[in-house]
Amino acid sequence: MLTLISATPSPYARKNRILMLEKGIPFQLQTEIPWHSTTETPKYNPLEKLPILIFDDGRPPIYESWYIQEYIVQKYRGTGPDLMPSSIDDQLLVRQIQVLADGACDAMGLVFFENGRGEMKSHEWHDRQMRKVTGVLKASDELVKKSDGKFLVGGEYSVADIALGAMLGFMNMVETNFGIIHWLEEYPELRKYWEMLEAKESFKATQPVMFELTEKVA
Ligand SMILES: N[C@@H](CCC(=O)N[C@@H](CS)C(=O)NCC(=O)O)C(=O)O
């Protein structure tokens with residue numbers, strides 16, 4: 001049985017969870033707070049980040065969410081849907097969209113930590129990160145319009161949709177919990193696309209939930 005080290009709000013781990021659910025690959029979740037001293041992440045990943053996929057057959061653990069997606073797509077081809085288009089150009093577009101979605105989540109993570117710095121907060125740094133988030137939301141809206149609100153690459157459901165959907169779910173959680181962004185009203189077509197994804201069982205089963213950091217991180 002595979003084990004995925006995950007955190008409840010993590011859009012990165014959510015991508016891997018959704019993919020494994022869609023493909024029908026059984027796995028168990030090990031839910032952690034990667035910034036707490038009790039986390040097992042350093043045991044498996046020198047970068048001390050989750051998600052981490054652990055195997056029970058001697059294969060070394062793997063980490064980095066896009067890489068885990070790639071590993072699952074390649075090694076479990078034939079188990080459930082491919083979720084990766086066949087043409088090289090389409091595959092490259094999928095990976096470009098993954099880069100965009102992950103980058104927005106990275107920038108939002110930096111915003112959180114900057115907001116936690118109190119008097120030390122750099123407004124310039126904060127605004128720079130927020131520009132990335134809003135820039136990606138605008139770019140995502142354009143991608144969705146280009147694909148007529150349907151799946152992003154070649155009209156077929158793929159890990160590109162999973163990446164964008166997990167990123168939008170994370171941004172929705174941020175909007176609901178903290179009110180620091182407002183994209184739902186600004187981008188109605190993007191919202192419709194995201195709601196279409198959230199209606200899937202795999203998305204419903206992996207709703208992001210914020211956790212509380214009780215240890216000082218930075
Ligand atoms: N690029 C990484 C980002 C993963 C990431 O930032 N994970 C967060 C939790 S959502 C984490 O473990 N952070 C701990 C740290 O940065 O030390 C990926 O896609 O897997």
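A polar contact is a pair of N or O atoms within 3.5 Å; within protein, one must be able to donate a hydrogen and the other to accept it, and residues adjacent in sequence count only if both atoms are side-chain atoms.

This is a predicted model: local features need pLDDT of at least 70, side-chain atom pairs count only at pLDDT 80 or more, and totals for chains, interfaces and linings use all residues. Residues are numbered from 1 along each chain as its sequence is written, and side-chain values use heavy atoms, without hydrogens and water.

**Exercise 1. The ligand**

Task: Find which residues surround the ligand, then look for polar atoms of E64 close to a ligand nitrogen atom.

Solution: 
- Step 1. List the neighbours, taking a residue as near if one of its heavy atoms lies within 4 Å. They are S10, Y12, P34, W35, E48, K49, L50, P51, E64 and S65.
- Step 2. Take E64. One of its polar side-chain atoms is 2.7 Å from a nitrogen atom of the ligand.
- Step 3. Take L50. Here a backbone N or O atom lies 2.8 Å from a ligand nitrogen atom.
- Step 4. Take S65. A polar side-chain atom of S65 sits 2.6 Å from an oxygen atom of the ligand.
- Step 5. Check the cover. On its own the ligand has 510 Å² of accessible area (Shrake-Rupley method, 1.4 Å probe). The protein covers 83% of that area.

**Exercise 2. Helices α6 and α7**

Task: Describe how α6 (residues 159-178) crosses α7 (residues 188-198).

Solution: 
- Step 1. Compare the axes, which are lines fitted to C-alpha atoms over the stretch in contact, with angles from 0 to 180 degrees between N-to-C directions. The axes come within 10 Å and cross at roughly 105 degrees.
- Step 2. Classify. The helices α6 and α7 are therefore roughly perpendicular (65 to 115 degrees).
- Step 3. Find the contacts (heavy atoms within 4.5 Å). D161, L164, G165, L168, G169 and N172 of α6 meet L190, Y193, W194, L197 and E198 of α7.

Key
Helix = DSSP H or I, 4+ residues; strand = E, 2+ residues; numbered from the N terminus. Parallel < 35°, antiparallel > 145°, perpendicular 65-115°, else oblique.
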